[in-house]
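Dear colleague,

Please find below the structure that I am handing over to you.

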Amino acid sequence: MEQYEKIYLYKRVVSAKLFIDKFYADSIDLDDIADQANFSKFHFIRLFKSIYGLTPKNYLIHLRIEKAKELLREGHSILATGLMVGLESPTSFAGMFKKITGQTPSHFQKSETIRKNKINEHPLQFIPNCFAETHGWKK
Amino acid sequence: MITKLTHTCIYVLNQDSAYDFYVNKLGFKVHTDAPMGKDARWLTVTPPEQPELEITLFPIIEGAMFDKETVQTMTSLIRKGTFGAAVFTCKDLLATYEELRSKGVVFKKPPTKEFYGYEALFLDDSGNWFSLAQINS
């Protein structure tokens with residue numbers, strides 16, 4: 001019986017995590033997330049952190065920054081990227097991005113663009129020689 | 001003295017589908033996605049917390065590396081689920097199992113208690129199987 005209760009609790013926390021994964025770009029807050037899991041806020045935060053290593057709030061922040069990295073790599077502007085991950089103020093987006101990654105969004109985007117161009121222009125520099133030779137890519 | 005594993009290969013039947021599986025379902029990060037001429041692509045991904053280990057998603061296609069007969073044999077063996085490709089670990093197996101199942105990942109063994117912790121087995125989109133473990137600390 002205890003095992004079934006545990007599985008039921010897990011399903012609710014996982015469902016809340018998937019809710020964050022889906023709606024990270026919207027203005028969701030902790031109450032929305034706890035409501036989604038049908039938990040008291042305190043119990044929910046404790047359980048979520050024990051499973052994912054971060055509080056729901058910090059998980060949401062990290063997820064937004066990870067999604068922002070993808071968008072910046074794709075060439076979206078910093079302003080548009082912030083909006084697309086649910087951070088409407090460019091200043092708070094830039095500040096949060098730097099706090100988590102150690103780089104400003106513009107610096108990150110610039111270095112990723114340089115790397116992407118290098119991959120396209122000289123792909124063999126990114127492939128171990130043994131694989132390139134086996135594929136016949138060195139010819 | 002060997003110090004680290006930096007690259008490893010997983011043979012896949014379709015690179016686009018493998019990209020979707022490893023990135024969008026398992027949550028791996030793309031490390032390098034380099035076009036290598038017509039019908040060829042060098043695609044590597046990394047586990048979320050192990051950015052230094054590149055897993056190459058290697059397509060089984062006829063060319064310099066595989067002849068037609070090898071492609072047929074390997075495709076058939078992978079589809080049959082012959083190859084166990086790796087052991088992945090996670091902090092919480094039950095939660096990871098529930099999440100991956102909800103994303104459509106197929107498990108051939110549910111979380112089961114083992115002497116070292118808990119283990120489940122899942123299949124990728126090609127048919128390779130993997131152990132997913134939560135190791136006792």
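Helix 3 of chain A (residues 41-52) comprises 12 residues and reaches 16 Å from its first C-alpha to its last, close to the 16 Å expected at 1.5 Å a residue; the expected span is 1.5 Å times one less than the number of residues. Helices (H or I, at least four residues) and strands (E, at least two) are DSSP runs, numbered from the N terminus.

Please note that this is a predicted model, in which local features need pLDDT of at least 70 and side-chain atom pairs count only at pLDDT 80 or more, while totals for chains, interfaces and linings use all residues. Residues are numbered from 1 along each chain as its sequence is written, and chains are lettered from A and ligands numbered from 1 in the order in which they are written.

In helix 3 of chain A, the residues A:Phe44, A:Phe48 and A:Tyr52 are buried. A residue counts as buried if 20 or more other C-beta atoms, placed from the backbone, lie within 10 Å of its own, as exposed if 12 or fewer do, and as partly exposed in between. Seen down the axis of helix 3 of chain A, the buried residues fall within an arc of 35°, so they line one face of the helix; the arc is that of the directions from the helix axis to the C-beta atoms. The face turned away from this buried side carries the exposed residues A:Phe42, A:His43, A:Arg46 and A:Ser50.

A:Phe44 has 23 other C-beta atoms within 10 Å. Its C-alpha atom is separated by 8.9 Å from that of A:Ile33, 11 residues apart along the chain. After helix 3 of chain A comes A:Gly53, with a positive phi near 80°.

Helix 4 of chain A (residues 56-73) has 18 residues and reaches 26 Å between its first and last C-alpha, close to the 26 Å expected at 1.5 Å a residue. Its buried residues are A:Pro56, A:Tyr59, A:Leu60, A:Arg64, A:Ala68, A:Lys69 and A:Leu72. Just after this helix, A:Gly75 takes a positive phi of about 100°.

The sheet of chain B

In chain B, 4 strands form an open sheet of mixed pairing, in the order 5-8-7-6; two strands pair if DSSP finds at least two bridges between them. Strand 5 (84-89) and strand 6 (106-114) of chain B are the edge strands, each pairing on one side only. On average, neighbouring strands of this sheet are turned by 20° against each other, direction ignored.

Strand 5 of chain B runs parallel to strand 8 (residues 129-135) of chain B, and 5 bridges join them; B:Val87 has B:Ser131 as its bridge partner in strand 8. Strands 6 and 7 of chain B pair in the antiparallel sense over 6 bridges, and a hairpin joins them through 2 residues. B:Lys109 has its bridge partner, B:Leu121, in strand 7 of chain B.

Helix 3 (residues 93-102) of chain B lies across strand 6, strand 7 (117-123) and strand 8 of chain B, running at about 170° to strand 6. Axes are lines fitted to C-alpha atoms, for helices over the stretch in contact, and angles run from 0 to 180 degrees between N-to-C directions.

The contact between the chains

The contact takes 18 residues from chain A and 16 residues from chain B, two residues being in contact if their C-beta atoms, placed from the backbone, lie within 7 Å. Helix 1 of chain A gives the most to the side of chain A that touches chain B, with 7 residues.

With kind regards
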